[in-house]
Each structure stands twice: as structure tokens, then as C-alpha cells.
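Work through the exercises below with the model open beside you. Try each task before reading its solution.

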Amino acid sequence: MKARRVKRKITIEELREDITLRKEHYKIMEKYPNELGETFEYFIDMLILAGKSYNTVRAYYNDLCTFFDFLKEVYPTITSLNQIEKIHVNRYYRYCQSTRKNGNAALNRKHKFLDMFFRVLEEQGVITADEIPIPKKDSLKQKSKPNNKLPVYAEECELDELFE
């Protein structure tokens, strides 16, 4: 029998210490010293306060770093969220597909993450609904590669031989 881990309630002081340690670990403001960095840090704080696990926060951090690094490299003049347009996000998806060699599953995950990121910021009043630069899901659909593999099956006599 596996032992179950019991989550204990953490105190506000422990939570503040955890947030401080994570911020130091991530060094967000050093990497993005503008409004993007402030928004990034705000989003990470929200995840931590929502009780997300370290691994979840780390995964979201990595996804956001990839997106912001792309913006920083390709569009160095973008310093705030309201400057990001749908064309920038579409080019980011194209970059992930062509340069980073991400498949459909990874692209879908990136789309869902960015959509969630901007929706959370909208809910918190950081941006307005008009400023959300995420293209509709239909515009991302790609023709999937046909699966040319034929189903494999065994004849009844082959099954009998297999189980003897």
C-alpha cells in the first residue's frame, strides 16, 4: 500500500517566504526590465497564491519565458502587453513550429497557456478584452498528416499459436 501525502495548510509567513524565494530563483525583472516583466511577476505571484505546485509554476514560467524571449528577440520595441498583436502571437506559433520543431500537441498547449495567461490578466483588470491578442482556435487548425498505417490484426489461428 502506498502512503498518501497529506497536504498541510501553510501559514501566510511561509507563503510570503516561498514567493520571495521563487522570485529570486526566477529573476524575472532582470530578464525583462519593463512592463512585461512586471506582468510576468504578477502572473507568477497569482499562480503561487492560487496554490499551484512548484512544477506547475515552473512549467508556466518556462512557457512565458519562451514567448517573452521570442518577443524580445524579434520585436525588441515591444515593452508592454497592449503592444502585442495577433500577428505577433501567430508568428510565435510559426516560430515554435518551424524553429523549435514543436508538434501539434505542443502548439495546442502553448495556445491554451497563452489564452489562459491573457484571460487571467483580463479577469484581474490588467488588460481589457480588446487587448487579448490570441487568435481564435480555428485559425490555428492545421491539416493533420494522414495516418497511412493500416490496422494490424491477427487471424484466429495465429492467436491460438500465440497463447499455446
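**Exercise 1. Find the centre of the largest nonpolar core, then list the elements that build it.**

Solution. This is a predicted model. The largest nonpolar core has 34 residues. Those that touch the most other members are Phe40, Phe67, Phe68, Ile84, Leu114, Phe117 and Phe118. Next, look at the elements that give two or more residues to this core: helices H3 (35-49), H4 (54-74), H5 (86-98) and H6 (104-123). H4 gives the most, with eight residues.

**Exercise 2. Determine the fold pattern and the share of buried residues.**

Solution. Start with the elements: the protein chain has seven helices and zero strands. Read along the sequence, the pattern is α-α-α-α-α-α-α. Then turn to burial. Of the 164 residues in the chain, 32% are buried.

**Exercise 3. Locate the salt bridges and say which parts of the chain they connect.**

Solution. The structure holds three salt bridges.

Step 1. Asp63 pairs with Arg109, with the closest N and O atoms 2.7 Å apart. Asp63 lies in helix H4 and Arg109 in helix H6, so this pair ties together parts that are 46 residues apart in sequence. Now check accessibility. Buried means under 20% relative accessible area. Asp63 has 7%, so it counts as buried. Arg109 has 42% and counts as partly exposed.

Step 2. Asp115 forms a salt bridge with Arg119, the closest N and O atoms being 3.1 Å apart. Both lie in helix H6, four residues apart, about one turn of the helix.

Step 3. Arg119 also meets Glu122 in a salt bridge, at 4.0 Å from N to O. These two are three residues apart in helix H6, so about one helical turn separates them. Shared partners join Asp115, Arg119 and Glu122 into one network.

Step 4. Asp115 is partly exposed at 22%, Arg119 at 36% and Glu122 at 28%.

Key
Residues numbered from 1 in each chain as written. Predicted model: local features only at pLDDT ≥ 70, side-chain atom pairs only at ≥ 80, totals over all residues. Heavy atoms only, no water. Core = buried A, V, L, I, M, F, W, Y, C linked by side-chain atoms within 4.5 Å. Buried < 20%, exposed > 50% of the residue type's maximum accessible area, 1.4 Å probe, protein only. Salt bridge = Lys/Arg side-chain N within 4 Å of Asp/Glu carboxyl O.
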